[in-house]
Structure formats: structure tokens, C-alpha cells
Amino acid sequence: MQKGWQVLIIDFGGQLVQVIKRLLRLEFKVNSIVLKPHEVEHWLHNNKPQCIILSGGPASVYEENAPMPPDIIFSLGIPILGICYGMQAIAKKFGGFVGSYSRVKNYGRTHITRSHRLISCQPCSYESEPVFASHGDVVIGVPSGFIQTATFSRKGVAVTAAMGDPVRKIWGVQYHPEAVQTVYGKELFFRFLSDIAGCKEDWNTKNAFTLIEEYIRTLKGSRVVIGFSGGVDSSVMAALVLRSLPMQDILGVCIDTGFLREGEIEEVRQKANLIGLPLVTVHAAEQFFKGLSGIIDAEERRHAFRKVYHPLFLDEATQFKAHHILHGCIAPDFIETLDAGDMIKTHHNINASYMQPLKDLFKFEVREIGRELGLSKEITECPPFPGPGLAIRVINTPVTQESINLIRSVTADLEWILRHRGLYYKISQM
């Protein structure tokens, strides 16, 4: 495991955990490691971070077997910031009281009011701030030694929104500073990371570039199959593999599901040629239409798509006598899929038998690496396209050849308009 991590993020299962990691890298160029509570103590035997962040999470601290931070972190003498559930865990640890204030849970944008200017990690120049909160519980009783520094208003009663103990260097906020809806969230992180913890810049895409290439070089002497869609993630991964391994040991595989956009197969082939990737195309529309027949629910379709996709890919790998299968899944894919924790949506190309060299990167970092590799704008700036393709855009009606033809035509018209207006590469997602 890499040493020298400045920030330890303890993951309590919240869906914004990787957003914290992304924000620290994107805005502050500070790297961090994300660990589950049970992994922390062992890791700390060989590492000492500058600070610790306790993430949010869906549990309630008073539930049986609720996850809690290990006691060792409070004996290190380093700054700790608890976010949402993380703050509630701190409150419980130090004798405070956490409860459900009312049946109405606090989800979404709200406002907090500053009541104290004690701690420097809180942006003190704003008495009322818009923030994003997402938990049903609140700290009703602040622990001894802590000071309530901000409040929410609940039916005319002030409820703790932030608290701090500057002596023990422990702080907590009931909202999510990593969410874009929290207007001064970046300022809070800056004060915590820089002013309090003394973190320095230690991350850039060149670091990632080097680490990934070192990882890929360990596969030398093996044959590898690459899942290739022509998107930025799979294209950057393919380009990195081609830099590190002999071409005769590499094969790109594109599966034509029948759900691709107009002219997309030819476009994928052109991108493979630009990169220099040997490519085979598997035409499997019949299998996918059969596998998704009659399924309306989007998540059920993703599962059905996955069941068809995986055997087809394994068959190609077997024919090539490949030792490893590589896919270009990135950090948000793991955040969203069931295999990584709280499920948002299933990603068909996350599988225990696949290797994922880009799994710790975010889209902005993958694009930057692509630019450093000299890949064309058509690759590095292209908007993402869902793995199940047009099938996931057919809403509230079965996936048939007719419905796919219709959405393919509409999509082609929309993309033509965006390109004609000079907007295609300016949008993040269609």
C-alpha cells in the first residue's frame, strides 16, 4: 500500500464519500485514502495521516451494530472532521445525545445560522449559509468540551448544525460541505486541510499516469483483452496499455449490442485505429434483445444486460487465450454500483474477474491523462454514453427493434443539433 497519505477518509457508507476524495484532489491537489472502519486500525500501524475525515452514512448511531470510528483515531492528536453521520458518531463517542428530532427528515438544501466564531475551520464571515443536509437524525445534546457553532431551525427550535472542540482538534458538521449545494463548503475544507491540518499539495494527474503505467507493466508476459467502447475511459486505458505491453499480447473487444447509436460501430473502429488497438467486434444484437425482452424497469434491464454481456466477453477472452480482462471503469462507476456499497445503478462491466486500472480516477483526471497522451479531442472530450446504450433510454415501454430505431433516430437528430451549434463537447451529459 502506498505510504504518505495526508488524509484518511473513514467510509460509513455514504454515497458522497468518493465526492470528498474527488474534491480534495480537484480543488486542493491533496490525495486521500478511503477505508472502512474495520480497516483503519491496521492501516494506522504503518501510516500517520495529517488529518481524518469521518464521512456521512445511512445508519443511525443508536442502532444495533451501527458502524463507529475506532478509538485509536482519537488518541493520535491530529485534526478530525466529522460530516453528518460522522459528526453524530463523534457526539456519541464523547457522551453527547443523538436522536431523531421529528418524523420529518432533513434532505436537500437548507440554511444554517452561525452562533459562534470559535473554530477557524468554519467560515465565520457568513451568519446564514445555504448548505446540503441528508440525514434524519440530529445531535440534540452536544458533548462536554464541545461548543455548538451553528444551528438549523426546526419548528422555531435551534438544532445543532456544527460543533467543535479546538483543544482536542475535533469538529463536526451536520451537513455535507462536499456537495455543490453547500455554498461555502470548499472554504470549510480549505481551512480544515490547510490552516488546521497543514496539508500540502501532493497529487496531480502525472502521479496517476505513473502509478497506472507501473501497474500495467506488472502484466508484462501476459495476454490481455480490453473492453473497448470508444469512450474516453476505455480509450485512455487502451492507450496506456499499448504504451506498456507488446501489441501482439493485446486485443480490444467491442460488443455490438444492437443498442448503439447511429454509425457508432464504425466510429469505435476509427478510434481504435487512431490509438493503434487491434479490435474485434462481436455482433450480438439478437442475444441482447432476447435478454431484455419484456423488461421495463431500468435497473432490471441493467442486470439483464450484464448477464448477456459477461459470457460474451469471457468467450472472446478464452479464444484469445488471455490471462487478464481489463475494463476502463472509473471511481464513479464503483460509487454507483452494488459491488461498491450503496447501490445507485448497476454497471455491467464491473466484475470480480475484470481488472480495472482506472478505478481510482475521476472523469476529469481521465480526460487530462488522455490529453497528456496526445489523444484527439473526439476522444478526450466526448460526453459519456451509458453502457446498456439506447436500451436504457427507452422509458416505460419494452425494448423492441421498433423502440430502439425510434430512440436511435431521435438521438442522432439531437447530437447533430448539438454539434451544429458547437455544444456537443461543452455538455457533461446528455
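Mentor: The side chain of Thr-257 reaches the backbone nitrogen of Phe-259 at 3.1 Å. A polar contact here is a pair of N or O atoms within 3.5 Å; within protein, one must be able to donate a hydrogen and the other to accept it, and residues adjacent in sequence count only if both atoms are side-chain atoms. The model is predicted, so local features need pLDDT of at least 70 and side-chain atom pairs count only at pLDDT 80 or more, while totals for chains, interfaces and linings use all residues. Residues are numbered from 1 along each chain as its sequence is written, and side-chain values use heavy atoms, with hydrogens and water left out.

Thr-257 sits in the loop between β13 (250-256) and α7 (264-275); helices (H or I, at least four residues) and strands (E, at least two) are DSSP runs, numbered from the N terminus. With a relative accessible area of 4%, Thr-257 is buried (under 20% relative accessible area; exposed is over 50%, partly exposed in between, with a 1.4 Å probe and protein chains only). Leaving aside neighbours within four places in sequence, Thr-257 is in contact with Ala-284, Ala-285, Phe-288 and Phe-305, where contact means heavy atoms within 4.5 Å.

Another threonine, Thr-149, belongs to strand β9 (residues 147-154). Thr-149 is buried as well, at 1% relative accessibility.

Now the helices. Two packed helices are described by the angle between their axes and the distance between the axes. Axes are lines fitted to C-alpha atoms, for helices over the stretch in contact, and angles run from 0 to 180 degrees between N-to-C directions.

Helix α1 (residues 17-28) and helix α4 (residues 185-196) have axes that come within 11 Å and cross at roughly 80°. That makes α1 roughly perpendicular to α4 (65 to 115 degrees; under 35 is roughly parallel, over 145 roughly antiparallel and the rest oblique). From α1, Ile-20, Leu-23, Leu-24, Glu-27 and Phe-28 meet Lys-186, Phe-189, Phe-190 and Leu-193 of α4. By class, this contact of α1 with α4 has 7 nonpolar, no polar and 2 charged residues; Ala, Val, Leu, Ile, Met, Phe, Trp, Tyr, Cys and Pro count as nonpolar, Asp, Glu, Lys and Arg as charged, and the others, Gly among them, as polar.

For helix α5 (residues 205-217) and helix α6 (residues 232-244), the axes come within 9 Å and cross at roughly 60°. α5 and α6 are therefore oblique to each other.
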